[in-house]
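These notebook entries record what I looked up in one structure.

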Amino acid sequence: MGKAPDVKIQFLRPLYTEQGGWVSAYLDTSRAPENASELVSQRWLAARRQLEAAGASEAALNAVGRAITAPAGAPGRAVFARDEPAALSAALTAVPADEPVRLAPLPHVMPLLAQRAAMAAHVLVVATHEGGEITEVPDGVPAATSLQEVNGPGWPIHKTSVGGWSQDRYQRSVEHAWDENAKELAGQVAEAAARVSASSLILAGDVRARSLLLHHLPTPLRDEAVVVDREVAANSPELVAAADEALRAQAVRQAGQRLDEWRGLLPHGGGVEGLAATVAALRDGLVSDLLMLEDAGSGTAVWIGPGVEMALSESEARERGVERPDQDRADAAIARGVVDTDAELWFLASDGDGQLPRDGICAILRGA
């Protein structure tokens, strides 16, 4: 369990080995209606025509098409390709708002990353007196095959209202059985969290069973647990929705804490503010934590070169030794810079407390 839930984006590294000709596609892939598969194909056909008109390669389009139209249970999908096979195909927890598709020098990953603030690896747990159920969620979308049922060794598990001289002893036996089963479940939960490098634990189930489980969990897991006061299955839509809501709220709180830290560091040279200063610091490898609104930099073009090279003007890019500067949106270049410099990315809430940084973007500097 680590510091969470900032958006860990090193999984994007394969997207930045080459520059140019990137197809990015976000599509609604929900399949509730009977003809859902046909609807997904129709949506992709319309998107493909748009990308063909922009000059996308046949190989990239074929790669994206195969990933988009493959059977899946996720509400949406984001795919990035410049050749075959697709470099990345990622499930989305919600239908993309505007289903953007584009051809550009860099992949358009910011809508995906904004969702991943609530897609951090986590574990769903339903605690019962018998033990419980665990679902590992490594990438934000639970897989049906990841459900694990845990039955502890404790017995009996049901209390009785029958009186008599043995009543108290029987009740104590039941309490002991519940505790033994919670201990078994806690061990399995800890193993599941380690397997997927979970940043959070979402816990539902019986009130008493939840309390016993929390008591037996390792401190880091217990501290990051989000309790959902519902008794539902570990892979149920209700718990998945509750987990999504809890993780989003947790992400907002964590980003708010980082923003407060930035405010304290800014007067002492430990932070920068605004698009120009943040781009320069990120390009120079000085950024530890980058905080931004989801749409920060979306309307601004920057000039880019290899690696993390980016500048707000073509002349500046050439002065820095970029022989053939290319142009792309600032948020696409910022995402590449965060990946290549191992910085951490935090999304700010537009309606959060306090004043937002200039241009909706700021950074904490390394060593601050």
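Is E175 buried, partly exposed or exposed? I found E175 partly exposed, with a relative accessible area of 27%; buried means under 20% relative accessible area, exposed over 50%, and partly exposed in between, with a 1.4 Å probe and protein chains only.

Before going further I noted the basis of the values. The model is predicted, so local features need pLDDT of at least 70 and side-chain atom pairs count only at pLDDT 80 or more, while totals for chains, interfaces and linings use all residues. Residues are numbered from 1 along each chain as its sequence is written, and side-chain values use heavy atoms, with hydrogens and water left out.

**Entry 1: salt bridges**

I looked up the partner of E175 and found a salt bridge with R208, the closest N and O atoms being 3.5 Å apart. The term requires a side-chain nitrogen of Lys or Arg within 4 Å of a carboxyl oxygen of Asp or Glu. This pair links distant parts of the chain, 33 residues apart, with E175 in helix α4 (residues 167-195) and R208 in helix α5 (residues 207-216). Helices (H or I, at least four residues) and strands (E, at least two) are DSSP runs, numbered from the N terminus. R208 is partly exposed at 36% relative accessibility.

I counted 21 salt bridges by this rule. In another of them, R48 meets E58 with the closest N and O atoms 2.9 Å apart. R48 belongs to helix α1 (residues 36-54) and E58 to helix α2 (residues 58-69), so this pair ties together parts that are 10 residues apart in sequence. R48 is buried at 15% relative accessibility, whereas E58 is partly exposed at 48%.

I then checked R263 and D260, whose side chains form a salt bridge at 2.8 Å, N to O. Both lie in helix α7 (residues 237-265), and because they are three residues apart, about one helical turn separates them. R263 has 28% relative accessibility and counts as partly exposed; D260 is also partly exposed, at 47%.

How many residues of β5 are buried? I found six of the six residues in β5 (residues 122-127) buried. H122, L124 and V126 point one way from β5, and V123, V125 and A127 point the other way.

Strand β6 (residues 131-137) pairs with β5 in the antiparallel sense over six bridges; pairing requires at least two DSSP bridges between the strands. A hairpin of three residues joins β5 to β6. Strand β8 (residues 200-205) runs parallel to β5, and six bridges join them. I traced V126 to both neighbours: V126 stands opposite E133 in β6, and its bridge partner in β8 is A204.

**Entry 2: helix α5**

I returned to α5 and found D206 capping its N-terminal end, with a side-chain oxygen 3.0 Å from the backbone nitrogen of R208. Among the residues of α5, A209, R210, L212, L213 and L214 are buried.

**Entry 3: lining of the pocket**

Which element gives the most to the lining of the largest pocket? I found that α3 does, with four residues. A pocket is an open set of points on a 1 Å grid over the protein atoms alone, where a 1.4 Å probe fits, with protein on both sides within 12 Å along at least five of seven lines; lining residues have an atom within 4 Å of a point. The lining has 20 residues, of which P111, A114, Q115, R248 and E294 lie nearest the centre.

Conventions:
Polar contact = N/O pair within 3.5 Å; in protein donor to acceptor, adjacent residues only side chain to side chain.
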